[in-house]
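Dear colleague,

I am passing on the structure below, and I would be glad if you could read the notes after it with the coordinates open beside you.

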Amino acid sequence: MTDYQRIAAAIGYIRDNFRAQPTLEQIAGQAHWSPFHFQRKFQEWAGVSPKKFLQYISVEHAKRLLQQQLSVAEATYETGLSGPGRLHDLFVTLEAMTPGEYRQGGAALTIRYSFGESRFGPYLVASTAKGICRLHFADDAELALAELRQEWPQATLLEQAAPEHAQVARFFAREFGPTDRLHLHLKGTDFQLKVWESLLRIPEGRLTTYAGLATQAGCGLAVRAVGTAIGANPVGYLIPCHRVIRQGGELGQYRWGATRKVALVGWEMAQQNPEQTTV
């Protein structure tokens, strides 16, 4: 098992058994580590202790964040261009594919893809000559590749790393410079693109609801349609759909697994206030 798989098993156990308040020994057992080793590895991964992480993923904490929502302008002012909570749309740009590019299963496209490892598990990234067109977490590499082929049955697919793929790896590793930019080249309806652009404006460490995002996207009465567009997001993590939660504060489901969503949200919260290593 990778470190992330061990930590994910522990997070999943916490999520399923939080009412019973499991002990550190019980949680560490899910990762097949001793309590001491688990505490140390978890703090290396998250920057905070398991106890602090639990606070960040609680419904109560999520509710407080929803109550403290900032406007996009205020959030931009607060975080600035160099802060850890930078808005995604400061360094991720989005361009829509033309009908000529995606018609006939992408017959006119050459798509390069590669696999990578991140602190949230393995992923598949794919790009056209204009930018990233897909980023999926890939616990099953064969399935992830089959889904890519199904999405683009007539495109020329090459297993070949592109410069944009290295950018994605740096983004995951938080080695993205303040002047770096990632360009996305996406197939979607005008409505979907509007929703995905709105997702880019949610700062790291902040959350919103489906209704809140619908309002931000200018379609407040189309909450269900907004939820469908979020579920169709082709570029995980870079377009942060994991920051949209239920009205009651529950984190809810995620295209790449509810446990991964908990890991993503909790880890991002922890980066705002990392603890000093004490173990």
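This is a predicted model: local features need pLDDT of at least 70, side-chain atom pairs count only at pLDDT 80 or more; totals for chains, interfaces and linings use all residues.

Residues are numbered from 1 along each chain as its sequence is written, and side-chain values use heavy atoms, with hydrogens and water left out.

A search of the whole structure for disulfides (pairs of cysteine sulfur atoms within 2.5 Å) finds 0. Cys133 cannot form one because its sulfur lies 16 Å from the closest cysteine sulfur, that of Cys241, which is too far for a bond. For Cys219, too, the closest cysteine sulfur is in Cys241, and the distance of 16 Å is again too far. Cys133 is buried (under 20% relative accessible area, with a 1.4 Å probe and protein chains only) at 7% relative accessibility, and Cys219 is buried at 13%.

The largest pocket has a volume of about 710 Å³, taken as the space filled by probe spheres set on grid points joined across faces, edges and corners. A pocket here is an open set of points on a 1 Å grid over the protein atoms alone, where a 1.4 Å probe fits, with protein on both sides within 12 Å along at least five of seven lines, and lining residues have an atom within 4 Å of a point. Its lining holds 24 residues, of which Ile14, Arg15, Phe18, Leu54 and Ile57 lie nearest the centre.

Best regards

Key:
Buried means under 20% relative accessible area, exposed over 50%, partly exposed in between (1.4 Å probe, protein chains only).
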